[in-house]
Amino acid sequence: MQSTADLTDTWCCGATPLLFSIVNGPAETLAKLDRDYPSLAKMAADGGAYDPPQLNPAQTFVSCCLGLPWPDSCNLGTVNWFSHRSPLCALCPAAVCLGYMKCCFGFTELSLLESGDEVFIEMLQRGVAPEQCPERLKGLYWMQDNLANEVLVTWQDAYWQPATATAPFLGTKDLGLNFTRDPTCFGVWNGPPFSPITCPPVGCCPCLCLPCWAVAPCGSARSLPGCCLRRTPMTMVSSPDQRWIDIGTGNYIFIPTAGETLVAPGGEPVAFDAAQDLLRVSFYPEQGLSSINYQYRVRRVAHLSEGGALVKTEAWDDLVAKVRATNETPGCLGDRCYCNLPLEQRLQNSLLYQNDRQFFRLPPRPASMALGRG
């Protein structure tokens with residue numbers, strides 16, 4: 001397994017010792033979450049029923065101003081910039097950016113409807129040491145109800161570290177690898193290498209990265225300057241009871257146990273398999289569950305059998321249904337403008353429909369697989 005020094009060089013341009021921040025994470029907060037919220041039932045009883053704020057017109061951070069994330073609303077009309085099927089930049093600049101990312105950064109595309117099982121098997125076999133991933137986190141997961149144009153993710157490709165006295169598992173996941181996004185303006189802008197968060201110098205315009213393109217021919221991404229390959233790490237620190245995972249900055253994942261039920265505020269059950277699905281929650285633990293500001297289901301849609309075959313779950317069928325669904329309430333101008341839709345319907349359109357096409361980068365193969373292929 002790589003050392004801390006190795007990971008420092010891998011994850012960012014500078015010398016930020018990311019793993020030290022993992023080891024010194026908020027152990028007391030995680031232990032308190034284990035005590036205060038050990039189950040979905042307890043969370044619901046304390047005001048944490050499943051009610052994603054980002055999909056609630058009264059709470060969402062998406063204003064009616066151009067459809068952009070903004071704290072205040074305005075009446076300038078709307079542009080469908082953020083939905084999973086946004087056609088706004090289908091030709092330019094999203095297509096240009098995506099082509100550039102595929103050519104020079106090793107990104108690839110898949111179709112949720114047409115790609116064969118071998119594509120997903122490859123995703124699930126990749127990583128430095130996928131066998132070291134905690135069993136509960138193995139598989140291909142769908143970020144259902146996530147308003148961002150982020151759809152599928154795996155964790156077995158993360159760098160998993162030895163357990164500590166307070167954290168049964170520690171990991172660092174590269175969000176530029178096995179983390180699929182929609183081929184939309186939002187998806188391209190929000191993903192490495194163009195995200196202003198992951199790579200500020202090129203976040204606003206891919207043309208600014210042309211010097212990087214000039215120094216390396218297509219397909220030789222490893223030789224590009226570090227600024228153009230900066231990636232965002234997701235640091236994962238588990239709670240002592242392995243019920244919660246801290247992924248940084250007030251963001252958490254709750255791990256339920258088989259038999260639990262996820263319910264909406266009215267008590268009605270929500271589609272969720274507690275034996276294999278997860279719950280993503282952003283809140284401030286010191287303020288309680290009333291401070292939840294983002295929430296979505298992380299549903300396992302596929303995993304590998306002991307024999308290495310792809311096993312798809314019921315959640316996969318739900319995902320495919322949303323991909324196949326016809327948009328019955330499109331915006332005007334070919335769904336590019338939302339002037340004809342209230343905010344409630346715009347948010348519902350993000351909830352009801354998924355994009356068939358996804359782009360992502362594959363992690364490196366495990367050493368054993370690489371050797372096996374010569």
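Buried means under 20% relative accessible area, exposed over 50%, and partly exposed in between (1.4 Å probe, protein chains only). Helices (H or I, at least four residues) and strands (E, at least two) are DSSP runs, numbered from the N terminus. This is a predicted model: local features need pLDDT of at least 70, side-chain atom pairs count only at pLDDT 80 or more, and totals for chains, interfaces and linings use all residues. Residues are numbered from 1 along each chain as its sequence is written, and side-chain values use heavy atoms, with hydrogens and water left out.

**Exercise 1. Sort the residues of helix 3 into buried and exposed, and find what covers the buried ones.**

Step 1. Helix 3 spans residues 27-36. Its buried residues include Leu 30, Leu 33 and Asp 34.
Step 2. These residues lie on the same side of helix 3, because they cover an arc of only 100 degrees around the axis. The arc is that of the directions from the helix axis to the C-beta atoms.
Step 3. Turn to the other side of helix 3. Glu 28 and Arg 35 are exposed there.
Step 4. Look for the cover. It includes strand 7 (233-238), strand 8 (244-248) and strand 9 (251-254). Contact means heavy atoms within 4.5 Å.

**Exercise 2. Describe the surroundings of Arg 300.**

Step 1. Arg 300 is in strand 11 (residues 294-304).
Step 2. Check for a salt bridge (a side-chain nitrogen of Lys or Arg within 4 Å of a carboxyl oxygen of Asp or Glu). Arg 300 is buried and has none. Glu 135, the nearest side chain of opposite charge, is 6.1 Å away. Lys and Arg count as positive, Asp and Glu as negative; His and the chain ends are not counted.
Step 3. List contacts. Setting aside residues up to four places away in sequence, Arg 300 touches several residues, among them Lys 138, Tyr 141, Asp 277 and Thr 313. Gln 276 is also touched.
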